[in-house]
Amino acid sequence: MYINDVVLHVNETLDERARHELEDKMRAIDGVISPGFNDRTPHLMIVAYNPDRIGTGELLNAVSRQGYHAQLLRGVLNHPTGNQ
């Protein structure tokens, strides 16, 4: 299995509670491994995900379903976990 990381730029300014709620919603999606914001860059969400389960378009749609707007910022990094 490979784990990909993607950075999503969330257009809206989210307070800490809204960021945690969005992380929780994203975490509940099949294929999402670890979504998270950094306090120093609260508009950027880094999402680790399994590309065999979900794609970047679906991640963007998931953010939209929560009422926010986001764009994909940079390409994907592949990290082999060893067990394929």
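Modeller: Happy to! Let's start with exposure: a residue is buried under 20% relative accessible area, exposed over 50% and partly exposed in between, with a 1.4 Å probe and protein chains only. Arg 17, at 64% relative accessibility, therefore counts as exposed.

A word on the source: this is a predicted model, where local features need pLDDT of at least 70 and side-chain atom pairs count only at pLDDT 80 or more, while totals for chains, interfaces and linings use all residues. Residues are numbered from 1 along each chain as its sequence is written, and side-chain values use heavy atoms, leaving out hydrogens and water.

Searching the whole structure gives four salt bridges, each a side-chain nitrogen of Lys or Arg within 4 Å of a carboxyl oxygen of Asp or Glu. One of them joins Arg 17 to Glu 21, at 3.1 Å from N to O. Both residues belong to helix H1, four residues apart, about one turn of the helix. Helices (H or I, at least four residues) and strands (E, at least two) are DSSP runs numbered from the N terminus.

Another bridge pairs Arg 27 with Asp 24, at 2.8 Å from N to O. Here too both partners lie in H1, three residues apart, about one turn of the helix. Arg 27 is partly exposed because its relative accessible area is 40%, and Asp 24 is partly exposed at 48%.

Now for Arg 19, also in helix H1 (residues 16–27), whose side chain meets that of Asp 39 in a salt bridge of 3.8 Å, N to O. This pair links distant parts of the chain, since Asp 39 sits in the loop between S2 and S3, 20 residues from Arg 19.

Contact means heavy atoms within 4.5 Å. Leaving aside neighbours within four places in sequence, Arg 19 is in contact with Leu 14, Phe 37, Asp 39 and Pro 42. Leu 14 is among the residues with the most contacts inside the largest nonpolar core, which has 18 residues. H1 supplies at least two residues of this core, as do strands S1 (2–10), S2 (32–38) and S3 (41–49) and helix H2 (56–65). Such a core is a set of buried Ala, Val, Leu, Ile, Met, Phe, Trp, Tyr and Cys residues joined through side-chain atoms within 4.5 Å.
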